[in-house]
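Here are some exercises to work through with the structure open beside you. Try each task before you read its solution.

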Amino acid sequence: MRGWRRAAFIVLAITGSGILPRGGLSGQVTTHPREMNLPAPDFERPDPDELRIELDNGLVAYVARDDRAPLVTFAAFVAGGSAHGEPGLMGSVGAALRRGPEAMAPGAFAEALDRMAALYTVQVGREETEIVLEVGAEDAWEALDLFAEVLRAPGFEAASRGGGARPAGRASSAGGIDYESSLAGAVTLFEDALYGDHPFGLRGVGSVPSPADVQAAHARHVAPANLTLAVAGDFDPDEARRRVAAAFDGWSGPDRPDPVTFSEVETAEPRTVVTAAADKLQGWVVIGHELPRVPLDDEAALHVMDYVLGAYHLDSRLFRESRELRGLTNDNSSFLEPGVRGPGSYTFRTYGRPEAVRLLVDVTFRELERIRETVPTEDEIFVAKGALVDGLWADRYATGLDAARSYAREWLRHGDHDRSESYPDRIQEVTAAEIQEAARRYIHPERMIVAVVGPLDEIRAADAIEDEPQLDRWRRTGSGEGGG
Amino acid sequence: MVRHVEIQTRRPRAGFITRALVAAVALGGAPPVAAQGYDLPIREHVLANGLRLLVLERPGDPRVAAKIFTDMGAIHETPGLLGAAHFQEHIMFKGTPTLGTSDWEAEAPIRERMWEVEAALIEEKNRARNTIRRRGVMDDFQRAESTPAIDSLEAELEALEREAARYRESGAMKRWYQAYGGTGLTATTEQEYMKFDINLPVERVDLFLRLEADRMSNTVFREFEQERMILVEQRYGDLNNPSTPYYEQMNALAGVVHPVFWPEGYPTDFYEYTRTGQRELYEEYFVVNNTTLVFIGGVSLEEMIPRVERYFGWMEPAPEPTRTPAVEPRPAAERRLIYRNDDIEPRVEFRYQIPGVGHPDRPVFDVVAEAASRHLAETLSEEDVAGRVSVNTRVVHTSRFGVPGTINLEVTLSDESDLAAAEEALEATVGWLKAGPDAETVDRAQKTLRTDWYRTARDANALAFEIGHFQTMDRWQTLPLYLEARDDATPEDIARVTRIHFVPDNRSVGIARSRTARPGVSEDGS
C-alpha cells in the first residue's frame, strides 16, 4: 500500500470523534452536505406566455430558442391514442404518419429524411400520440413544411396495407407478448391483468381498419385544435413563429372534441398472481394496481411519498432494502404512472436471480406496509422534496427544448400551466402526516397484482429466506455457473 | 507546474463549417492547439498536483454537468478477476468515514480487523491450493472447496461484516446529490475509464467537489458481499440477451492479446474479488494525477479553479499508475467462427482490426461505417435478402478506444438459407469501399455523423462524456480534430484505409446458425 494513503486509513480508523476535524486531514473538506450551506438555486423557468402562439385555426405552439447546437426540433402532441376508437385504429393512424405525406411517392419521405439526416418518431400512447422530427438547422424550414404536410395529410392507403396492428410475434412470444425482454413481458402481463377488456388493455392484434376509418380517425384526432406543437432550436424566434404560422395556415379541422373520460379500473382482494415462463437467468416482477385520477390536492404528497419509497434507481427505501442491504437485485423502483383522463397504474418493479425472487417480493411488500404504517424521517422528506423541485421539476424547463416540450404537453392536458407553476410550493408544504395519508390512500397491498416472468420452476423452488446476501448459497449450489 | 490552456472558436453555422481562429493561451509551456471548426471552447487548467480541470462554459445555463474521469478500466484487470474494475465502481458508492456511517469511531476498528482477517484468508487459500484445487482445473475435477481454516476465517469475516453493518447508512453517496437537485446520477466503467457523473444546479457545484474528493480518497469498502451479488445480477442481465455469448466469442476471436477484447467477467471471477485486491486497484489508480474533472454549464473556469483547489488541492501526486503493456499483434490469417445456437437469429459478420483514437486514420472509419451501412442495406435489398444491417466499431459496450479495436459489419438474417448471400453482400460492400465510394454517399454519411454530433453537443451530459472519454483515450484536444477529420474524409481516404485494413488476413468472420443446419445450408453457412 502506498505510504501516505495507508497512513490516511490508519488515521481515519483511529480518529476519536468519528468525524474528521473540520478542514480535514491535510486540508480535506469533509463538511457534511447538510452543513455546507449550499445556496438555493436561482432558477426561474421561462414564461410560457412568451413562448406560446395561437393560430387562427386553434393550433397552439410553443416556440423557444435553443442554441446549444445547430439543431431544430418539431414535436406534435395529439390528444388521441390507442384507447380512442376501435383497437388498432390509432395504431394505423400512427403507421400513416410514419409512412409520410400522401402527396409523396412511397420511399420519397424516407429519402427526404435521410437526406436531412433527420430523426423522425411516432409514438402512439393510450391517450396521446407524439410525433417528433429533428434536423440540422440548415434544413429547418424544409423540415417544417414536411412536418406540417405529414400531419395534415399522411398516406392512409399504404399505411393500412402495412397495418397498424402489432407485428407478428417471434418464436419466443405467445399471445402477442414478447418475452425476449422479460421486463416488457412482465409489464404486459401486469397490464393485461389490470385492464382486461378496458380500452387501455385492448391491442389491435390482427385487426386492419379500412383506409376510410383511418382517415376519419386522423381527421378527428390529428387536427389543429386537438394538438399542440413544441418548436425549439437554433433559430430566430420571430422567424420561427412566422414560419410555423405559414406552414399550418389554412389547415382547418373540427373543434376540439370533448375529452373522452375513460372509466376507472379497480383490482380486488385477494392478490392476483400471474406468471409466464421464460428461460432466463433472472426472474422479473411487477407488483401493483390501478392508480385512480389524482386530485390536485393529493398530487404533491403522493409524489413525495413515491420518491421516498421507490425513486427510480436512486436511494430509496425499496432500493436500500433489496439492493444495498441484501444484494438481491440491481434495482427495485416504483413507477407512478397516472392516466390523463383515465386510470393509470402504480407499480413496483424488480428482478433478480431465481433464488432471490421470492425474497424480493417479500421485501417489497414489507416496504409497502411500512410506508403506510409509519411516517418518513425528516431526512427522507428533505431528500425527496429537494429532488422533486430542484432536480426533476427544474430539469423539465432547463433548456428551450425542455420548456417548449413541457409547456406543449401541459397545454394539451390542462389548457394552462397553473399546476406546474404551483408545483414547487405545493411540494414544499407537504407534511409527514400527509405523506403517510397518501400511502394509505394510494397503496393497497392486499389487492395487488403480482406478475412474474422468468424460470418459474427455479423461482418456486427457492426458499424465501432472509439470509443476506445469499452469496454462500449461490456459490455452493453452483447456480452461478448457469451464466457461463 | 500549473498549466492553463484556452481554446476559443466560433460556432459553426448551418451548412458551412467555419474554420475558426484558435487562440491558445499557454502558461508554463503548453503547446498551441490547431485550428478547428466545431463549437468546443474547452478551457483547461491543470493543478500543481496533476489534477486536470476542463470547463466548457455556457453562460446563463442554470445547471452544470459535472463528471470525474479516472484513467482506469477493464484493461487494467487480471485474468481470473475480470469485472474487478466495474466492481470497484460499485464499492465506491459505499461511503467514507464521514458519509455512510452512524459511528465511524466504532466502525473503524472492525474494518481494520477485516483487512487482517482477509489477508490471513488469502494466505490460507494460497497455502491450501493443492487441497482445494482451485487452480483452473476443470470443474468436475475440483476437490473440496474449503478447509477448516478457510471456513473459520470466512466465518470470522462474515461476523465482522455483520458487526460493522450495524453502523452503515446505505445510500449516502447518492442521497445528498438527490437532495440538492442532482439528476442524471450515474457511474460507468468501461475498458479505458471509470466515471461518476451528476447534473446539478450551478449554485451547488461544490457538492460534487466535496463528495468526489472524498470518494476518490476515503472510500470504505462496505457491503462488499452484497455488491458482489449485484455484479452477478448485472452480468446475468447481459447474458439474458442470447446474442451476448456470440459477441463475446467474436471478441475473443478478433483479439488475441489485448484486454480490450475481454468480457466483463465470468461467473467464476466474481468469487475471487477480495477487499485487498480491490484496494490495490483503488490505491494505484484513484490518484489525483490520474483524474480529470469536466464541467459544462453555467460555470466559468475562473470560478472553478479556486473551488477545485479547495477540495482537491490538498492531495499529493502519486507515482504514475501502471499502464497495460499489451499490444495486439496484427493478425496473420483470417479467423472464422461458427456459432451454433438456436436462440439467436442467423447472422454473418466481418470484423477488421482498426487503429485507435489518436491515429490519423481512425476518424475515417466512422465515415466508413456510415457509408458501408448504407451500401450494405442497398445490396441486400437488391439481392432480395431480408435482414438487418449494423456497421459499428463496438467492442463490448464501447465504440471508441485509445487502442486498436475493430470495425464490425453485421447482417442479421430472417432466414438461415440467406447466409451465403449475406456473406457475398458483405464482400461486395468491402469491394465497393476499396474502389472508393461515390461522393454523394460519403457526403450523406458525413452529414449524418455531423448531425448526430450536434445531438451530442446539445446535451451537456453527453458532451462532457465525450470530452472526458477523449482525454482518457488520447487527449481532449483530439476531439475537435477528430470531428473535423471526419468532415474532411474523401472517397479516396476511404479507399486508402480500407485497402490497408480490409484484407483477408486482418479479418475475423462470424457465422451464427442453428444447431441443426437446414437443408441446403452447409456447416459454414455457404
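**Exercise 1. Find the ring of chain B that has the charged end of Arg347(B) over it.**

Start from the rule: a charge sits over a ring if NZ of Lys or CZ of Arg is within 6 Å of the ring centre and within 35 degrees of the ring normal. Now go to the arginine: the ring below the charged end of Arg347(B) belongs to Tyr246(B), with 5.3 Å to the ring centre. For another case, hop over to chain A, where Arg271(A) lies over the face of Phe365(A), 3.7 Å from the ring centre.

Before going on, a word on the ground rules: this is a predicted model, where local features need pLDDT of at least 70 and side-chain atom pairs count only at pLDDT 80 or more, while totals for chains, interfaces and linings use all residues. Residues are numbered from 1 along each chain as its sequence is written, chains are lettered from A and ligands numbered from 1 in the order in which they are written, and side-chain values use heavy atoms, leaving out hydrogens and water.

**Exercise 2. Work out how the five-stranded open sheet of chain B is put together.**

Step one is the strand order, which reads 8-12-9-11-10 with mixed pairing. Strands here are DSSP runs of E with at least two residues, helices are runs of H or I with at least four, and both are numbered from the N terminus; two strands pair if DSSP finds at least two bridges between them.

Step two is the edges: strand 8 (335-340) and strand 10 (387-392) of chain B each pair on one side only. Neighbouring strands are turned by 10° against each other on average, direction ignored. (Axes are lines fitted to C-alpha atoms, for helices over the stretch in contact, and angles run from 0 to 180 degrees between N-to-C directions.)

Step three zooms in on one pairing: strand 9 (residues 347-354) and strand 11 (residues 405-413) of chain B run antiparallel, joined over eight bridges. Look for Ile354(B), whose bridge partner in strand 11 is Gly405(B).

**Exercise 3. Which parts of chain A does the aromatic pair of Phe109(A) and Tyr120(A) tie together?**

Rings of Phe, Tyr and Trp (its six-membered ring) pair if their centres lie within 6.5 Å; planes under 30 degrees apart count as stacked, over 60 as edge-to-face and the rest as tilted. The count over all chains is 32 such pairs. Phe109(A) and Tyr120(A) are edge-to-face, at 5.1 Å centre to centre with 85° between the planes. Phe109(A) lies in helix 4 (residues 108-115) and Tyr120(A) in strand 4 (residues 119-124) of chain A, so the pair ties together parts that are eleven residues apart in sequence. Both residues are buried.

**Exercise 4. Which loops hold Asn37(A), Asp384(B) and His198(A)?**

Asn37(A) lies between helix 1 (3-14) and helix 2 (48-51) of chain A. This residue has a positive phi of about 55° although it is not a glycine, and Asn37(A) is exposed at 70% relative accessible area.

Asp384(B) is in the loop between helix 12 and strand 10 of chain B. Its phi is also positive, about 60°, although Asp384(B) is not a glycine, and the residue is exposed at 69%.

His198(A) lies between helix 7 (182-195) and helix 8 (211-221) of chain A. At 7% relative accessibility His198(A) counts as buried, and its contacts include Phe262(A) and Pro343(A).

How values were computed
Buried < 20%, exposed > 50% of the residue type's maximum accessible area, 1.4 Å probe, protein only. Contact = heavy atoms within 4.5 Å. Lists of a residue's contacts leave out its neighbours within four places in sequence.
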